[in-house]
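Reader: Can you walk me through this one? I'd like the layout before the details.

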Amino acid sequence: MDSRLRSVGVLLAGGVGQRVGRDTPKQLIEVAGRTIIEHSLAVFEAAPEIDEIVVLMTPGYADRVREIVARGGYRKVSKVVDGGSSRTESTWRALAALGAEECNVLLHDAVRPLLEPRIITECVRALEIHEAVNVAIPSSDTVLVATPEESIGEVLDRSRLRRSQTPQCFRLSVIREAYERAMADPGFAGLPATDDCGVVLRYLPEVPIHLVQGSERNIKVTHPADLHIAELLFRLPAPVPPGDRAALAGQVIVLLGEAEPAGEAGRHGSELAREAARHGAVVHVLTRAGGVRVEDFGSVAKALDDVGGADHVVLVAGGGHAGDLARASGETVADAVGTGHLGALNVARAARPHLRGSLLLQVPPGSGALHESGAAAVAGLTRALAREWASGGIRVNCLNTGASPVVAAQTSLDILISDLSGQVIDARVDGT
Ligand SMILES: Nc1ccn([C@@H]2O[C@H](COP(=O)(O)OP(=O)(O)OP(=O)(O)O)[C@@H](O)[C@H]2O)c(=O)n1
Ligand SMILES: C[C@](O)(CO)[C@H](O)COP(=O)(O)O
């Protein structure tokens with residue numbers, strides 16, 4: 001029998017987002033293709049340590065959350081409850097919604113959408129020993145105490161300072177006891193705590209609160225600029241884990257987009273084909289010389305039909321375009337779009353019915369308007385397709401190859417065997 005305590009993730013989303021200043025609560029704003037609350041939900045849903053999720057939502061918006069839950073298939077969500085008029089009031093309501101049975105409770109600001117799974121793992125592990133756990137990071141700013149006259153009263157010892165994040169995690173009986181005492185204290189409303197650890201520290205000072213290392217990425221979307229910062233953080237490429245390439249043995253990999261064998265794409269394609277075959281993959285190379293032109297959907301679709309099923313399809317990087325757009329010929333522009341953005345769309349559309357594993361879109365090095373607009377289009381396509389195809393279990397990634405076909409080939413194979421999806425990876429950084 002499993003003797004471990006159940007772990008319940010509580011998403012605190014009961015605020016109105018006054019400081020962001022939109023008409024709807026900030027947790028419903030889209031960042032990187034999903035609402036902020038859905039990013040947080042997805043992290044808790046995917047965490048193997050989490051058994052159940054309870055959402056506290058701004059009154060009047062609970063149905064919006066229920067729609068998100070139903071559409072995204074978030075099966076761990078057991079309740080969507082109206083939040084209170086303050087963060088602590090929302091926590092109090094969450095505690096009321098949890099049953100009598102002892103469990104671990106992880107209280108998380110829904111507006112921290114970049115929470116890393118590692119933090120949940122470490123928190124739940126820490127709860128095996130400690131009754132209260134917080135997540136915190138060192139302060140990189142010097143922190144001072146101001147006087148009422150707006151001058152410096154004291155400069156605090158930075159080596160002892162930490163910035164508190166969430167989730168804040170407790171044994172249910174402990175956080176409930178702390179809140180019962182707070183609610184019974186007539187002084188609490190006049191001096192409310194800004195977080196749940198503050199309530200435990202004030203009302204159960206004998207309970208030590210263990211600290212788990214947080215993350216600079218785990219930001220709280222508080223001000224309008226944080227929306228832009230969060231968007232950029234979501235775009236930071238994840239590191240490509242070095243995988244066991246023996247896993248490629250017997251897998252069918254289709255490479256498309258190769259131009260002349262002697263050209264840039266030819267070198268990238270040949271290196272990748274050689275490396276994949278060396279690890280036992282069954283490699284099909286569909287070349288322009290063989291009549292497959294990525295700018296022509298029909299030729300790509302027919303070639304992929306002829307191959308049948310594929311574990312992975314790779315659009316191999318063509319030659320990069322450079323130079324001044326104003327001087328480029330119509331032919332150059334058509335070629336850049338045809339082998340770049342249009343080629344990626346055609347390969348993705350034609351590959352989908354045959355794909356079992358993943359699609360990898362390579363982008364060659366280049367510069368200037370033609371190259372950068374094409375690369376941005378392929379990056380956007382990667383992120384959008386990864387979301388669209390996630391429910392079918394198909395991963396989509398993009399690799400900016402850099403100049404070295406060897407590095408590009410090795411990074412490509414590691415991406416194919418990884419769990420990564422929606423990533424735009426730079427081989428110049430990650431592959432070297
Ligand atoms: N009555 C409240 C207030 C806040 N929160 C939640 O607590 C987290 C952190 O709060 P904060 O960033 O202050 O959110 P808001 O209260 O919405 O922001 P603001 O103070 O700008 O209105 C958020 O996920 C927020 O939805 C909550 O559950 N219930
Ligand atoms: C809980 C918290 O995120 C820890 O840093 C913070 O105290 C919440 O403050 P807010 O004013 O409710 O955003």
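Author: What follows goes from the overall layout to the strands, the core and the ligand shells. This is a predicted model.

Reader: Fine. What is the protein divided into?

Author: Domain 1 covers 7–235 and domain 2 covers 246–426. Taken over C-alpha atoms, the centres of domain 1 and domain 2 are separated by 41 Å.

Reader: And what does the C-alpha trace span along its principal axes?

Author: About 80 × 60 × 40 Å.

Reader: How many helices and strands?

Author: The protein has 14 helices and 18 strands.

Reader: What percentage of the residues is buried?

Author: Of the 432 residues in the protein, 42% are buried.

Reader: Among contacts between residues at least 6 apart in sequence, what share joins residues at least 24 apart?

Author: That share is 76%.

Reader: Which residues are on which side?

Author: Ser7, Gly9, Leu11 and Ala13 are on one side of S1, and Val8, Val10 and Leu12 are on the other. Both faces are covered.

Reader: Which strands does S1 pair with?

Author: S1 pairs with S6 in the parallel sense over six bridges. S1 also pairs with strand S4, residues 52–57, again in the parallel sense and over six bridges.

Reader: How many residues of S6 are buried?

Author: Six of the six residues of S6, residues 104–109, are buried, and the strand is mostly covered. Asn104, Leu106 and His108 lie on one side, with Val105, Leu107 and Asp109 on the other.

Reader: S6 and S11: parallel or antiparallel?

Author: Antiparallel, over four bridges, with S11 being residues 168–171. Leu107 stands opposite Gln168 in that pairing.

Reader: Switching to the core. Which residues of the largest nonpolar core touch the most other members?

Author: Val10, Leu11, Val55 and Cys123 do, in a core of 56 residues. Another core, of 51 residues, lies apart from it, and among its members are Ala281, Val316, Ile415 and Ile425.

Reader: What does Val10 touch?

Author: Not counting residues up to four places away in sequence, Val10 touches Val54, Leu56, Ala94, Val105, Leu106, Leu107 and His108.

Reader: Where is Ala94 found?

Author: Ala94 is in helix H3. Leaving aside neighbours within four places in sequence, Ala94 is in contact with Val10, Val54, Leu56 and Val81.

Reader: Why does Ala94 count as buried?

Author: Because Ala94 has 26 C-beta neighbours inside 10 Å, and 20 or more is the cut-off for buried.

Reader: What about H1, and why would you call it largely enclosed?

Author: H1 runs over residues 36–46, and eight of its eleven residues are buried, so the helix is largely enclosed by the rest of the structure. The buried ones are Ile36, Ile37, Glu38, His39, Ser40, Leu41, Val43 and Phe44.

Reader: Ligands next. Which residues are closest to ligand 1?

Author: Gly14, Gly15, Gln18, Arg19 and Ser90 are the closest, out of 23 residues that surround ligand 1. Strand S1 (7–13) and helix H3 (87–97) are the elements that give two or more residues to this shell. H3 gives the largest share, three residues.

Reader: How does that shell divide into nonpolar, polar and charged?

Author: The ligand 1 shell has six nonpolar, eleven polar and six charged residues.

Reader: And which residues surround ligand 2?

Author: Arg87, Asp109, Ser164, Gln165, Thr166, Thr194, Asp195, Lys220 and Thr222.

Reader: How many of each class there?

Author: The shell around ligand 2 has no nonpolar residues, five polar and four charged.

Reader: Good, that covers it.

Key. Residues are numbered from 1 along each chain as its sequence is written. Chains are lettered from A and ligands numbered from 1 in the order in which they are written. This is a predicted model: local features need pLDDT of at least 70, side-chain atom pairs count only at pLDDT 80 or more; totals for chains, interfaces and linings use all residues. A residue is buried if 20 or more other C-beta atoms lie within 10 Å of its own, exposed if 12 or fewer, and partly exposed in between; C-beta atoms are placed from the backbone. Domain bounds come from an automatic or database domain assignment. Two residues are in contact if their C-beta atoms, placed from the backbone, lie within 7 Å. A residue is near a molecule or strand if its C-beta atom, placed from the backbone, lies within 6 Å of it. Ala, Val, Leu, Ile, Met, Phe, Trp, Tyr, Cys and Pro count as nonpolar, Asp, Glu, Lys and Arg as charged, and the others, Gly among them, as polar. Two strands pair if DSSP finds at least two bridges between them. A nonpolar core is a set of buried Ala, Val, Leu, Ile, Met, Phe, Trp, Tyr and Cys residues joined through C-beta atoms within 7 Å.
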